[in-house]
Each structure stands twice: as C-alpha cells, then as structure tokens.
Amino acid sequence: MFNETPTTGPGHGAMLDILARARPDRLKQHAETLLTTMGEINVIANRTGLVMVPMRDTVKNVDFHLGEVLVSEAHITDAAGHVGYGMVTGRDLERAMAMAVIDLSVAARGQDDITASFLEQERTHRAAADEERMRQVEATRVEMETF
Amino acid sequence: MAYVATRGGEKAIEQAERLFRQDLGTIDAQRVETIRTTMPYLIDRVMGEASLYDEELAALALAQTGGELSEAVLVLRAWRTTQPRLAIARPVKQDEVLTQRRISAAFKDIPGGQILGPTLDYSHRVLATDVLEGKPFAPPQVEKATSPAPAKQPSLADWQRQQGLVAPTEPSDIAPEDIPDLTREPLLFPASRAHRLQSLARAETGGVLALGYAAMRGYGNAHPTVNELRLGEANVLVRHPRGTEFSAGRVRVSQAEVTSKEKGGYLELGFAATFGWNEVKVIAAATLDLNSDEAPVGSPVHEEFYLYHTESVEASGFCIHFKLPHYVTFQSILDAMRDTKAKKAAAEAKGEVYVAEPEEEPVL
C-alpha cells in the first residue's frame, strides 16, 4: 500500500495535506526540478471542477450540503503505472499538476532527500503561520462574569 | 401568459450594456485582487449566496457587476454550471473546524471557553474620516498570547447532550453521495432537513435577516438566544485515487445554534451554517430553523415561506423581470379600464346605475 510509503517523513495523507497548501511558487519550482529526472508522463486529467462540501448539523445530526468549492485537479501516471494526483482549492492548474508530479515521484521512487526537505520546510512554514494566527486568536479569549 | 416579443432596439441594447461597462472602466487582475484582499466579508457573502467557494471568482464577479450583489451571485451561479462535479468531500464536523471565533450568549462557561476572534461587537462604529484627509488608518497590532488557541474546539451541543439538556440524536449514516442536493433536485415541501439547511446556506443574507428579524420581534413563536456562534476554517477532505484522504485546502465557514425554551424536557435548538464568515445570516437563519416546526402555514417563519422567498437568484430574477416588456398585459388592463368607463358613462347617460362585472386578476 502507498500509505506505508514513504517510510520516512510524513505519511501519504500528511504529505498530500502539505502539498495542497504549499507555497505555489516553491511547489512549482520543486516539481520542475523533479520532472527533469522523470520519464514520460501520461496526463489523465488536468482540469478545474467542483467539490461539494457537506456539513453535519449539530442539532439533529443531519448531513447537508453547504455548497461547492472550486478546485483544480491533476491526475497523471508514469509508464510503470504509478499514479500521481493533485487537487487544490482554487483555479490553478499548474499548482495541481505540480502537486501530482511530486506525488508521482514519491510513488515511483520513494521520497528523496530534496523532497523530504521541501515537505518539512513547507510543513514548518504552514505550522508557523497557523500558530501565529492562533496566538492572535487566543489573545481574544474572554472570561465572562455576571453581576 | 401575456408576454410579447419586441422587435427593434438592438443598437440601444448594445449601447446600454456598453454604457454600464464603460462606467465601471477597465477590469484587470489588479482590481480583482484588490477587491479580494480588501473586502473579505463581502467576498464571503457572495460566495455563500452563490453556493460556490472561490475568492478570486467572487472578486471578479463583484468587479464585473460593479458590486451589484444579485448580479454578482447570478454570474457566479451561472458559471458554476459550466464545471463538472469531481467529488463530494467528507462532511465537515463542528469539532474539526479550525475555530477562530466561538461565543455563547446562553452559557458563559462552555467547554473550551469563549473566544471573541475578529469582531467589532464591542467597538464604537466610527467612520475614519481622517483617511479622506490624507491620514491612513493603520490598525494597531494584536498583542499575541504566548500560546496559540486550540486548533479545535468541542461541540457545545454534544456537551449539552451529555448533560441531558439537549435531545439525543441518531448517528448519521448517510453516504455523502446520498445526501439530498438542491442543485440536482427540486425543493419540495415539507422539505427534508438537508434541503432546508442547504437552502438556508445559500439564501440571500438580507432576506434571511428580514424574516429572522420578524421572528425575533415577535412574529414567530420562539425568541432566540445564541447557544453557540462559531467562525472558522474547514478542511475540504477529498480522496486520492488510491483512497488516501487529504485536505485540498481550507474554506471559511460560519455556523450558529440558537435556543429558546424547554420543550419535552430538552432545550429547543435551531441551526444554520454557510460558506464564509457571515454571522448575521447564520443567526437569523438558525432562528428561522428554530421557529419552523410549529409555524402556521403562510407565516414568515414557515419553511415554505422563508425558503421560497430568500432564494437570491429566483427572488431578484422575478423582481427584475417586471421591468421587461409587459405591453400586452398592460394594454389589456387599459382596455378593460376604458371599457368600464365607457359602460359606466353610457349607463349614467341613461340614468341607470352601472354595476361592474367582477374582475379577474391578470396573469403576469
């Protein structure tokens, strides 16, 4: 199973999470680097489309549709049949393709040092941004008192 | 129907559109980006009502329509139909939302605590006219806490359920592809709860507010207290072709629970949620949900009334259609009026009393 690879670094789901939210320029640049050493790639899909997002109502526990999110998708394979897939929110086909290229590279050859480093840098960057925001949010915590 | 095809005016129509667009000037990527980054709450409102989440497209729609909200929502809904649906995400659960604002007006000590988040709730609303005098308004920076707020906050309703305050529920076991979907099927009454909440999620903010406010002022049967209001970011959880679940990104969401009184030994709750941060809309919508069950047919809080009348594109479309040529309809009204006057005059000339025939309402 792919989920067991790569053997080091984040698991597949965590890796895809990082790639989908990586800084676009760095993501595309890293994919370009990998492409130079990859063989022929077959593009199955590279398109925009919609993902319907349901939500669970907290009162009656009923799932309902909140609305659709615009996404960009890329689905590619190599000659050996390995699959690369990218899906990101927004209208950026290159970003989705870059994500798919990195995913395919890892599926076919495992996680090289440069990719592992890239993933760690992006994970750290995103975590720092989230922490910064949530420290600001924490500053608004309020203790209500009644008189 | 009494419509009639009109002929002519093609040049005037073309020039009218040109005049509208000329007044807005050149629309470029910079203008779209400026709208996107400086008006996030307006973008959120448009995305919610369009039922399409993409900040860039919402900003473009606003730029292209000069901020005419119903037109912006219309072009986004129309554009949506050009796109294939690629997947249905895993349902967003409240306790998985990256929560940035969470308050309760009903309980001061809620598990996880209350976080005001970004709000003007307790601020003076003063217009910064100094900006117009050349003095930019630079907001002071937030004094950050030493540790971050928890990324996730527990569900208050679940905690209340554990305390026996809120009625227990059955676990949800519906597959995402089986969730009723208003974009694929008509809204019928009585509506399923999934249809009601989806319809409210994409409803027009002003319409929901007006009807929700009517309920709050006493035209409903329940006065709301906010049980929980939450603004946050939800992951869009999709699957890789090999089955791995991952987040394709985050979207801003709002949700509100309102409560009123005890019923059957439990607190009654109403619920609503929408794309984007739009707390007025979800509080008003949750109030309508709360009032629905015992609402008299024809009242503003009956679901058929509020769901039909807060559907943005249908409501604005029906309203503006009245400015399109209705010449035949109106001519028939004039003919009837002249005929009545003539008959009345003839009757009076003979010293008789004219009794008008019962009128039929014209079908527009």
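User: What makes domain 1 and domain 2 of chain B separate units, and where do they run?

Analyst: The assignment for chain B gives domain 1 (10–80) and domain 2 (94–317). Such bounds come from an automatic or database domain assignment. This is a predicted model: local features need pLDDT of at least 70, side-chain atom pairs count only at pLDDT 80 or more, and totals for chains, interfaces and linings use all residues. Residues are numbered from 1 along each chain as its sequence is written, with chains lettered from A and ligands numbered from 1 in the order in which they are written.

User: How many residues of each domain of chain B are in the contact?

Analyst: Domain 1 of chain B puts in 12 residues, and domain 2 of chain B puts in 15. Two residues are in contact if their C-beta atoms, placed from the backbone, lie within 7 Å. The domain centres, taken over C-alpha atoms, are 25 Å apart.

User: Which elements supply the domain 1 side?

Analyst: α3 (40–50) and α5 (69–80) of chain B each give two or more residues. α3(B) gives the most, with six residues. Helices are DSSP runs of H or I, at least four residues; strands are runs of E, at least two; both are numbered from the N terminus.

User: Why is β2(A) called paired with β1(B)?

Analyst: Two strands pair if DSSP finds at least two bridges between them. β2(A) and β1 (residues 52–53) of chain B have two bridges, in the parallel sense, and therefore qualify. In β1(B), B:Leu52 is the bridge partner of A:Glu68.

User: How many residues does each chain bring to the contact between chains A and B?

Analyst: Chain A brings 53 residues and chain B brings 67. On the chain A side, β2(A) gives the most, with 11 residues. That side divides into 25 nonpolar, 15 polar and 13 charged residues. Here Ala, Val, Leu, Ile, Met, Phe, Trp, Tyr, Cys and Pro count as nonpolar, Asp, Glu, Lys and Arg as charged, and the others, Gly among them, as polar.
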